[in-house]
Amino acid sequence: MAKHKVIFDTDPGIDDAMALLYLHHHPDIELLGITTVFGNARIETTTRNALYLKQAWDIAAPVAKGAGVTLDPARVDREPPTIVHGDNGLGNIAMPEVIDLPLDPRPAHRFLIDTIKAHPGEIELVAVGRMTNLALALREAPEIAGLVKQVVIMGGGITANGNVTPVAEANIHGDPEAADAVMTAPWKVVLIGLDVTAKTIMTRAQLADIGRAGGNRAQLVVDVSQYYLGFYETVVADGMMVHDSCAAAYVTNPELFTTQSGAIRVVCGGIADGQTIQKPDGRGFPPNPWDGFPSQLAAVGIESERVLKLIHDVIAQGA
């Protein structure tokens, strides 16, 4: 069976690091690139973090620096969520300020365009931060939508509450205009949102076991995640939500997820800014802003324990 050709669009980010190691270690995935975006930290920091992880884990895929501001330049800049990911985006672990590795010379959106066109019908985009790079790529080369195999997004939520407002999830809330452009483009989108990621909680014991089983690479994930565990003490009884790794797991094991189909729009502005709303297929409504847009998939169910075991096994096998 041909490998999944993946570009990982990311804002590392603690849970991003675990997802990256999953993608790097999975034998059925060929990681073609890492594109960075602002979000969990400023773009300079998320790009430095991607290079740091590339170096630490000997990842061959190039890193391309992406967007540092929202698609709509009029949006108010927000401070990164240091309470969640630390001042350096990776849980305040000790790390160099500068990583002596070259970046791909292209901006992330151009890297996406070029790589998609070089592998028509094969690329799977796994996007776990703001959707800005993807929206910029669509704006410059809309034809790429017909060349992408699928876009797997960690973000949003259809039946769940948000995590930054009562209705909005952080990745979508961070750039709603970009997210709406991505959801409504004529490519296949799978939304892995809080409906399923908030149910997938890795306990402290499960995380520690990954460190024991997975060697030095996995231990770095454990070290980075200690800060995250501290944040989640106020959210869950024990452990942490593994948001981004759920999206990575969908690529290789979609059978562990239950999805529903329908056009998805993102609210841009007002008190519901950043909310993701799906119009279910098969339901009749008067004319509305969902009409004429492609039906997309949104995950509404997950076999959490099987997903957690999958993450453990994949990361451990790279020891």
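Is Arg265 buried or exposed? I looked it up: Arg265 counts as buried, at 19% relative accessibility. My cut-offs are under 20% relative accessible area for buried, over 50% for exposed and partly exposed in between, with a 1.4 Å probe and protein chains only.

The model is predicted, so I took local features at pLDDT of at least 70 and side-chain atom pairs only at pLDDT 80 or more, while totals for chains, interfaces and linings use all residues. Residues are numbered from 1 along each chain as its sequence is written, and side-chain values use heavy atoms, without hydrogens and water.

Next, salt bridges (a side-chain nitrogen of Lys or Arg within 4 Å of a carboxyl oxygen of Asp or Glu). I found 18 in the structure.

Arg265 pairs with Asp180 in one of them, 2.8 Å from N to O. Asp180 sits in helix H7 (residues 176–184) and Arg265 in strand E9 (residues 257–266), so the bridge ties together parts 85 residues apart in sequence. Asp180 is buried too, with a relative accessible area of 10%. Helices (H or I, at least four residues) and strands (E, at least two) are DSSP runs, numbered from the N terminus.

I then checked Glu143 and Lys117, a salt bridge of 2.8 Å, N to O. Glu143 is partly exposed at 42% relative accessibility. Lys117 is partly exposed at 40%.

Lys279 bridges to Asp291, with the closest N and O atoms 3.0 Å apart. Shared partners join Asp104, Arg106, Arg110, Asp114 and Glu140 into one salt-bridge network.
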